[in-house]
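Subject: Structure handover

Hi,

Here is the structure I promised to pass on.

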Amino acid sequence: MTAREEILRRINVALAGATAQPVPRAYRVAGELDRDGRVALFRRRVEDYGGVVLESAAPGETIAAVLAERGARRIGVSPDLDEALLPVGVEVVADDRLTPRQLDALDGALTTCAAACAETGTIALDGGPGQGRRALTLVPDLHVCVVRRDDVVETVPELLARLEASARAGRPIVLVSGPSATSDIELTRVEGVHGPRRLVVVLVDRPPA
Amino acid sequence: MRELAARSARPVAFPSAAEAAVTDEQTRTNVRLAQDTIRARRVAVAAELDDWEALRDAGAALRDRSLSRLRDLLPLLEDRVTRSGGVVHWARDAEEANEIVVRVARAAGAREVLKVKSLTTDEIGLNAALERAGLRPLETDLAELVCQLADERPSHLLVPAIHKNRTEIRDLFRERLGLEELTDEPRELAEAARAHLRAAFLRAKVAISGANAAVAETGTVCVVESEGNGRMCTTLADTLITVMGIEKVVAEWRDLEVLLQLLPRSATGERMNPYTSLWTGVREGDGPRAFHLVLLDAGRTRALADPVARPVLRCIRCSACINACPVYRQTGGHAYHTVYAGPIGAILEPQLAGPRGQPGSLPFASSLCGACADVCPVRIDIPGLLVHERGRVVRSERQGLEGASLRLLGRVFASRERYERAQRLARRLQRPAVREGRVRWFVGPLAGWGSSRELPAVPPQTFREWWADRDRA
């Protein structure tokens with residue numbers, strides 16, 4: 001008997017007579033805030049975990065200022081990032097299968113996101129347009145993420161509903177809530193370990209088209 | 001070599017291990033700090049959600065439902081992962097799981113394998129197995145790295161190095177990583193770990209992770225973490241191996257909307273942990289080129305077969321019960337001598353390890369106060385299960401001296417004649433031990449019990465004897 005058969009047999013024996021009960025879902029699924037309320041909450045929650053949030057009418061300029069302020073001269077982007085978001089005055093490197101070492105040599109990464117969740121201050125990446133692959137937002141030390149105000153939902157169930165199609169299509173998903181952090185030494189929170197040490201969210205109204 | 005596989009190590013009974021642990025002031029101070037800090041955070045973020053109790057109801061129910069449908073969900077998960085280019089393996093026990101991992105890692109040409117913090121791989125003693133096979137496991141979680149460098153066992157599910165303070169970690173890094181100038185600032189220590197591991201991440205060939213959950217209908221595996229080491233391993237390695245207990249599977253994508261609220265808030269007291277990775281098989285151009293999922297039984301089906309104990313498999317390893325436990329507070333995690341410590345360990349370990357496991361003292365390492373059940377996000381009745389496990393221990397010990405004495409007593413009490421003879425015998429035997437009408441001196445197996453107790457002596461004359469004498473007079 002193979003291990004698979006043996007384990008399934010054990011499960012069958014163990015569960016003889018067991019029935020599946022329905023799951024009560026009385027918890028909150030839909031939020032109640034309007035768009036401004038969601039964006040304001042999202043902003044507070046990201047800042048709470050050490051992320052920086054900027055509101056911008058002219059994303060290209062804001063992003064250029066963010067990068068200049070942080071001394072980032074070479075930044076990586078997904079090859080399909082909307083050109084309207086490209087900052088001037090910095091070297092932009094398209095991530096065309098860069099090696100981990102090449103990614104490590106970048107000063108930062110600039111991406112969009114799939115959706116964001118206000119209640120937890122989370123941004124979700126699913127490899128959609130402008131988001132690039134997972135390594136792009138992981139290896140460089142600075143992550144600048146452009147979030148459309150319309151893409152901010154209130155609750156975790158709303159966020160996961162937005163991601164369901166990607167999950168079914170087998171696309172990898174990453175949820176990011178603030179910069180990387182550890183509390184392993186005497187429970188003192190230190191922001192910035194292996195993932196990006198700095199997270200900047202730029203809130204915009206209009207698309208990347 | 002570190003005794004990661006606690007079960008293969010010589011079992012130590014909790015009372016004697018605890019006796020040593022409670023004299024370690026440093027550990028006790030650290031554990032108190034950990035409990036108080038995490039507990040306060042957990043209370044604050046749970047209170048933020050007015051539907052917290054409804055989430056717990058849903059969490060308990062969806063875990064139960066998944067367990068009752070394991071027979072269908074596991075093949076479904078296997079199918080989804082396989083269709084997305086992953087390879088699924090089944091392991092009946094720890095040994096089989098270790099063999100699979102070693103074989104896959106070797107075939108991938110690795111000498112060094114990166115590890116994401118994983119209790120399941122601790123449980124099966126994977127690091128020791130890798131070392132025996134000539135492979136070098138490298139723990140990438142900061143606290144796990146500290147434990148690995150110090151050659152010590154983790155002492156807490158969530159913050160494994162909580163027994164070490166910053167000065168001890170600084171000294172360890174100075175010695176083992178050759179960083180002479182290092183101070184004991186947590187920021188600087190975290191920075192040292194980043195620098196130490198970065199090169200390893202960038203050259204990673206093989207990485208090994210556990211899984212917090214897997215969604216059967218989509219084939220999605222889920223890992224939650226904080227530092228980014230989990231993302232590094234699950235993204236940058238050429239080959240990713242995930243070892244997952246079969247009980248971790250859930251049915252639907254939307255089950256994650258419950259677990260991803262319950263877990264971070266119950267574990268670290270955060271609204272959401274910094275990083276959650278979700279992936280299905282392999283993805284062309286993004287992440288590992290090969291993905292292996294090892295589905296591990298190792299005692300899970302034994303727990304499943306016990307309808308009373310089955311809910312222990314709901315556990316999502318948040319450690320809220322540990323942070324609430326007054327016994328753990330005094331002893332810390334090492335006294336349990338198991339991978340899973342605290343209240344959950346006391347009910348999970350006997351189930352997973354079975355009759356050949358640790359000594360039966362763990363279910364007794366509790367005052368049954370119920371603080372653990374109050375915080376459990378999936379509503380496991382931990383005190384009830386502790387009593388259940390105690391019952392099993394007692395029944396299995398019926399063969400011993402205690403069982404034999406109780407059977408003898410049963411026979412004595414069953415017959416008046418035997419009872420009266422026993423009384424007369426006891427009256428003679430008790431003589432040297434009686435002071436002022438009480439038995440105050442015990443020998444043999446009763447010595448320990450009697451060191452702080454006394455018994456009324458058998459009287460010189462019982463009522464029946466007096467009655468019989470009266471008739472004769």
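A quick word on terms before the residues come up: buried means under 20% relative accessible area, exposed means over 50%, and partly exposed covers what lies in between, all with a 1.4 Å probe and protein chains only.

Bear in mind that this is a predicted model, so local features need pLDDT of at least 70 and side-chain atom pairs count only at pLDDT 80 or more, while totals for chains, interfaces and linings use all residues. Residues are numbered from 1 along each chain as its sequence is written, chains are lettered from A and ligands numbered from 1 in the order in which they are written, and side-chain values use heavy atoms, with hydrogens and water left out.

Sheets

Helices (H or I, at least four residues) and strands (E, at least two) are DSSP runs, numbered from the N terminus. Two strands pair if DSSP finds at least two bridges between them.

Eight strands form an open, mixed sheet in the order S8(A)-S5(A)-S6(A)-S9(A)-S9(B)-S6(B)-S5(B)-S8(B). Strand S8 (152-153) of chain A and strand S8 (249-250) of chain B stand at its edges with a single partner strand each, so one side of each has no neighbour in the sheet. Within chain A, strands S5 (residues 115-117) and S6 (residues 122-125) run antiparallel and are joined by three bridges; A:Ala115 stands opposite A:Ala124 there.

Helix H11 (residues 229-236) of chain B lies across strand S9 (173-176) of chain A as well as strands S6 (220-225) and S9 of chain B, at about 20 degrees to S9(B). For that angle, axes are lines fitted to C-alpha atoms, for helices over the stretch in contact (contact means heavy atoms within 4.5 Å), and angles run from 0 to 180 degrees between N-to-C directions.

Chain B also has a parallel open sheet of six strands, in the order S1-S10-S7-S4-S2-S3. Its edges are strand S1 (87-91) and strand S3 (136-139), each with a single partner strand, so one side of each is left without a neighbour in the sheet. Neighbouring strands are turned by 25 degrees against each other on average, direction ignored. Strands S2 (residues 112-115) and S4 (residues 206-209) of chain B pair in the parallel sense over three bridges, and B:Lys115 has B:Ile208 as its bridge partner in S4(B).

Two helices of chain B go with this sheet. Helix H4 (residues 70-83) lies across S1, strand S7 (239-245) and S10, at about 145 degrees to S1(B). Helix H5 (residues 94-107) lies across S1, S2, S4, S7 and S10, at about 150 degrees to S1(B).

Rings and charges

Rings of Phe, Tyr and Trp (its six-membered ring) pair if their centres lie within 6.5 Å; planes under 30 degrees apart count as stacked, over 60 as edge-to-face and the rest as tilted. There are seven aromatic pairs over all chains. In one of them, the rings of B:Trp279 and B:Phe291 have centres 5.8 Å apart and planes at 85 degrees, so the pair is edge-to-face. B:Trp279 lies in strand S9 (residues 275-279) and B:Phe291 in strand S10 (residues 290-296) of chain B, so the pair ties together parts 12 residues apart in sequence. B:Trp279 and B:Phe291 are both buried.

B:Phe413 and B:Tyr419 make a tilted pair, 5.7 Å centre to centre with 35 degrees between the planes. Here B:Phe413 is exposed at 56% relative accessible area, whereas B:Tyr419 is partly exposed at 35%. Ring pairs also link B:Phe14, B:Tyr328 and B:Tyr336 into a cluster.

A charge sits over a ring if NZ of Lys or CZ of Arg is within 6 Å of the ring centre and within 35 degrees of the ring normal. The charged end of B:Arg231 sits over the ring of B:Tyr275, 4.8 Å from its centre, and that of B:Arg470 over the ring of B:Trp467, 4.0 Å from its centre.

Cysteines

How many disulfides does a search of the whole structure find? Zero, over all chains, taking a disulfide as a pair of cysteine sulfur atoms within 2.5 Å. The sulfur of A:Cys145 is 4.3 Å from its closest cysteine sulfur, in A:Cys113, which is too far for a bond. A:Cys113 counts as buried at 8% relative accessibility, and A:Cys145 does at 0%.

Over to you!
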